[in-house]
Structures are given as C-alpha cells and as structure tokens.
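User: I am new to this structure and would like a close look at one part of it. Could you take me through the aromatic rings and what lies around them?

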Amino acid sequence: MIYTVTFNPAIDYVVYTDEISVGEVNRANAEKIFFGGKGINVSLVLNELDVKSKALGFTAGFTGTAIENGIREKGVETDFIHLESGFSRINVKIKNDTETEINGKGPDIDGRSLNELYKKLGELSDGDTLVLAGSIPDSLPKDIYEKILEMLSGKNIRTVVDATKELLLNTLKYKPFLVKPNIHELGEMFGVKVNSIDEAEEYARRLRETGARNVLVSMGKDGALLLDEHGKTHFRGAHKGEVKNSVGAGDAMVAGFLAGLEQDGYESALKLATAAGSATAFSYGLAEQEDILKLMKDNC
C-alpha cells in the first residue's frame, strides 16, 4: 500500500479576474476550489492512475472536514488525525496576467496528535511505500522527516521525499527510495545554478552518492531526468502544450513514477511521471486519467 502524508492540507480558492485594484472592491470573473496539499495531490493522481493509496496527515475545523470529504468523494481513502482546535488553511490564489497567492498558516499540531501520527506510521509493513512531501508547519519539529525515516529504517519500506534544501538533504543518510527536486531546488541544495542536463545529472549523482537510491529531477520545458538506483541515467523530453497551472505538477510526477514503477521498471516510471506532470501543467487542476494517457502516446 502507498501512504502519503500531508502535514498542512489546504483548500485552494482560485479567483480569476481581469485586474486587482488595491484598496478597492474587486470582482471575480470565475472561481474554482481545489482540495490539496502535496501528499494529497500525490494520492489524487495515483487514484486517477488506478493505484490505491491512503492519505494521512492532520485536519481541523470545518475546512478540514471539507478537505477530507472532498478527496474521499474523488475515491481516495483517508485516515487523517483530527485536531481539536483551529481550522485547516485556505490558500487564496488570484490569477490574471500575473499570479498572486496568499497562503494560510494552518492549525497548530499538538504533541498528542503528532504521537498519534507516529503510531499510525509505525504500523506500516514491509513492502509499503511512504510519501513525505512539502514544508513543515512551525508547530512541528524541523527534523520530523528524519525522525520518521529513522523510525522506519528497520523495515523494508520504500520512502519518497519531495522537499527542499536541508529538509531533503538531511534525510539522505536514511537512504530514501526516491527524492524529487526540480532543477532550481537541485541547484539551491549545492549553492549553484544548474543550467544544463549534464549539470543536472552531475548534481543528481551527488545526491545518489550521499544516500538517495533514485533521483528524479523535473526540468520544466527541458523535460525530466532520472538517475536510478543502478546508476543508469534516463531522460525524457518535455511534452508540448499550453501551461495553465504550475501547482501540483511535481506531485503528479511522483504519482506517475510510483504508478509506472508498478508496471514495467524505471523507463516506464519516468515516462508516466513526465506525462502526469505535464498533463497537470496543461490543466487548471490536477490531471485526469484521460489527459495523462493522451500524453503517454507522445514520443518526446
């Protein structure tokens, strides 16, 4: 079974407008609501690819109830811990010629609730996969990813880490099965700007040498690169299409990779990862199965 963890789920309230005048009343042309958070996004795309997963994490208040009900209606199994105070965050995204975001803070997570999560994760079995994705709320210890990987290190569990800078680098000593930086995040980890596929491969190899078993690097218009656990490099060019949305594309890639890996190894995993990520970028929300399968037919 694949488990995803989202520490700080959100309702994304997306407003489309012609322009914004600060200090005045503005009116929307259209509105959309999405339920998500990086781990939840992975579960939603896995569900589109007919792969079952269970979404874990923390929810609070009426917004938390809406998030949980919304993703259950999509077909994703959930096992969230319900916090006694606060409410799950609402992110406001204003889209016109530019994109402006106001992301909510989210509820504080108390020690008892955190211990409940540890207990749930302690019940994972050999052969399970755990996806840890996104930033850490202020109320949680900054080394929580490390604590979780250390707790699971005695089991045969595939761990996936999709995070930035030290949050990812500090987990490498536990040999995560997959890490997925984008090309900018890869450069930030080493204090450089990565300008080419060759450079991306060089720094991906450094992550492997430090402990990551597989490194998947998303490179936007330049495609995606995978350095697998056998040291082999795989590359897929970018799909062609109109980019409508940048939110969730990396999460969709993680989902596509895990789904593809179940089918036919690393080439298949990279192909499906690239299709799922691109299909999401070409959509206003997360990609649906039909969109992903269409891109799977491309020779890129």
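Analyst: Happy to! Let us start with tyrosine 203, which counts as buried because its relative accessibility is 11%, under the 20% cut-off. Please keep in mind that this is a predicted model.

Tyrosine 203 has a ring partner, phenylalanine 190. The two rings are tilted, with 40° between the planes and 5.0 Å centre to centre. Phenylalanine 190 is partly exposed, since its relative accessible area is 26%, which falls between the 20% and 50% limits. If you trace the chain, you will find phenylalanine 190 in helix H6 (residues 183-190) and tyrosine 203 in helix H7 (residues 197-210). They are 13 residues apart, and the pair links distant parts of the chain.

How many aromatic pairs are there? The count comes to 6. Another one joins phenylalanine 7 and phenylalanine 58, and this pair is stacked, at 6.4 Å centre to centre with 20° between the planes. Phenylalanine 7 sits in the loop between strand E1 (2-6) and strand E2 (10-16), while phenylalanine 58 belongs to strand E4 (residues 53-59), so their pairing ties together parts that are 51 residues apart in sequence. Both phenylalanine 7 and phenylalanine 58 are buried. Ring pairs also bring in a further residue: Phe7, Phe58 and Tyr145 are linked into a cluster.

Beyond its neighbours within four places in sequence, tyrosine 145 is in contact with Phe7, Leu132, Ala133, Gly134, Ile136, Val161, Ala163, Leu167 and Thr171.

Now for the wider setting. In soluble globular proteins, nonpolar side chains tend to be buried together. Here the largest nonpolar core has 44 residues, and Phe7 and Tyr145 are among those with the most contacts inside it, along with Leu117, Leu130, Ile144 and Ile148. Helix H4 (residues 144-152) gives the most to this core, with 5 residues. Apart from this core lies another, made of 36 residues, including Val45, Ala269, Ala275 and Leu295.

One more ring deserves a glance. Which residue lies over the face of phenylalanine 177? That is arginine 158, at 5.0 Å from the ring centre.

Definitions and conventions. Residues numbered from 1 in each chain as written. Predicted model: local features only at pLDDT ≥ 70, side-chain atom pairs only at ≥ 80, totals over all residues. Heavy atoms only, no water. Core = buried A, V, L, I, M, F, W, Y, C linked by side-chain atoms within 4.5 Å. Buried < 20%, exposed > 50% of the residue type's maximum accessible area, 1.4 Å probe, protein only. Helix = DSSP H or I, 4+ residues; strand = E, 2+ residues; numbered from the N terminus. Contact = heavy atoms within 4.5 Å. Phe/Tyr/Trp six-rings, centres within 6.5 Å; stacked < 30°, edge-to-face > 60°. Lys NZ or Arg CZ within 6 Å of the ring centre and 35° of its normal.
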